[in-house]
Amino acid sequence: MGSMIEVKSVKKAYKKRKTKERITAVNHVSFTVNRGEILGLLGPNGAGKTTTIKMICGLLVPDEGTVVINGYDIKKERLKALRHISAVLEGNRNLYWRLTVRENLEYFAGNRGFGRKDIHSKIEELLSLFRLKKKEHELVNNLSRGMQQKLAIAVAMMADTDIILLDEPTLGLDVETGYEVRELLRYITDKEGKTIIISTHDMPVVQDLCKRTVIINEGKVVTDEQVDNLIKLFETRAYSIKLRSPLSDNQLQLLQEKIPMHDYHDHMLEVTLEQDDDIYILMDILRDKHTKIEKMDRTTVDFEQVFMTLLKGEGYNEKVLSSH
Ligand SMILES: Nc1ncnc2c1ncn2[C@@H]1O[C@H](COP(=O)(O)OP(=O)(O)OP(=O)(O)O)[C@@H](O)[C@H]1O
């Protein structure tokens, strides 16, 4: 399985208009996405996700490094590299606001050079799948944000490119539309052979749809792993312990120092160990005051907890991931 997208040590700084101060938004980020892979690009606000996506789809030129799409270097063979990409960006920039829903779909189908009959049936299929049939003659400008978002994804489907980049596809949608968009994303990700990057804060989207995740923080990659591996890894290290007696101040102090990822309230101790062997340290701390354990369970973790843990604490990620 060859790489479809290679992001090679890209760097991008912005100059602040007023102060002329330079902000490094993306700082030597590298990762690859294989053909047919669904990658979740995650990170807190301002981590550099949108900047990275814009460099992949050619909207921004990296200051350093390069992006290679299907073997074509975006700097040297821009048109060949970008031919296979559709991007759904914030603000639905891939739509024509003065055209109707149907006209947008027709325009992008025309671009692909489909025959008239094929265009018609494909548009009908998408209008019904995306529940936009009633709005087909409405101008994009007059659609709700959720509908615009659905249309932006439908347009990317219509263009039928090998690569689809989705920047925050469920951002700001109400619960129902968010759910609907997630189902549509599932439809897209199930389509064989498409290579997809989804940048999102929506953890269920990652857990449900993405096989691998690249997490960036302050412009740098902090994790590049299979989603399943991360969840398994954290499940083997997360415990929920019910104690018979309260912890002493000294025990709490030791926990703070040695098992920083913990939460303690009402005799319940929730811990996430950095390494498997830390269980012995934990037991030593409890034994110190003969604290009895009433019940101890492995905690099931969801991807949100994994994400939060990976972002917490300097050096924590290297420890967690290197010992795995
Ligand atoms: N046009 C711009 N001019 C100046 N600074 C910018 C510009 N665009 C982004 N930045 C800054 O670059 C950094 C990365 O921004 P970016 O939008 O790539 O992050 P993000 O991970 O997509 O964030 P969010 O999750 O909030 O959308 C931030 O500090 C942001 O303020």
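**Two helices side by side**

Reply: Helix α9 (residues 249–258) and helix α10 (residues 278–288) pack with their axes 10 Å apart, at an angle of about 170 degrees. Because of that angle, α9 counts as roughly antiparallel to α10, the cut-off being over 145 degrees. Keep in mind that you're looking at a predicted model. If you wonder why I start with an angle and a distance, two packed helices are described by the angle between their axes and the distance between the axes.

Now zoom in on who touches whom. From α9, the residues in the contact are Q251, L254, L255 and K258. Across from them, α10 brings I281, I285 and D288. Sort the residues of this contact by class and you get 4 nonpolar, 1 polar and 2 charged.

Okay, let's zoom out. The protein chain is split into domain 1 (3–84 + 161–225), domain 2 (97–151) and domain 3 (236–322). Taken over C-alpha atoms, the centres of domain 1 and domain 3 are 34 Å apart. These two domains do touch: 9 residues of domain 1 are in contact with 8 residues of domain 3. On the domain 1 side, α7 (203–209), β9 (212–217) and β10 (220–226) each supply at least two residues. The most come from α7, which gives 3 residues to that side. By class, the side of domain 1 that touches domain 3 has 6 nonpolar residues, 3 polar ones and no charged ones.

Next, hop over to the start of the chain. Strand β1 (residues 3–15) pairs with β2 in the antiparallel sense, over 10 bridges. Together β1 and β2 form a hairpin, with 6 residues between them. In the turn, look for K20, which has a positive phi of about 65 degrees.

Strand β2 turns up again at the ligand. Both β2 (22–34) and α1 (49–56) supply at least two residues each to the shell around the ligand. The largest share, 3 residues, comes from α1. Among the residues around the ligand are Y14, K16, I23 and A25. The list also includes G43, N45, G46, A47 and G48, along with K49, T50 and T51. Split by class, this shell has 4 nonpolar, 6 polar and 2 charged residues.

Conventions. Residues numbered from 1 in each chain as written. Predicted model: local features only at pLDDT ≥ 70, side-chain atom pairs only at ≥ 80, totals over all residues. Near = placed C-beta within 6 Å. Helix = DSSP H or I, 4+ residues; strand = E, 2+ residues; numbered from the N terminus. Nonpolar A, V, L, I, M, F, W, Y, C, P; charged D, E, K, R; others polar. Domains from an automatic or database assignment. Contact = placed C-beta atoms within 7 Å. Axes fitted to C-alpha atoms, helices over the stretch in contact; angles between N-to-C directions. Parallel < 35°, antiparallel > 145°, perpendicular 65-115°, else oblique. Pairing = 2+ DSSP bridges.
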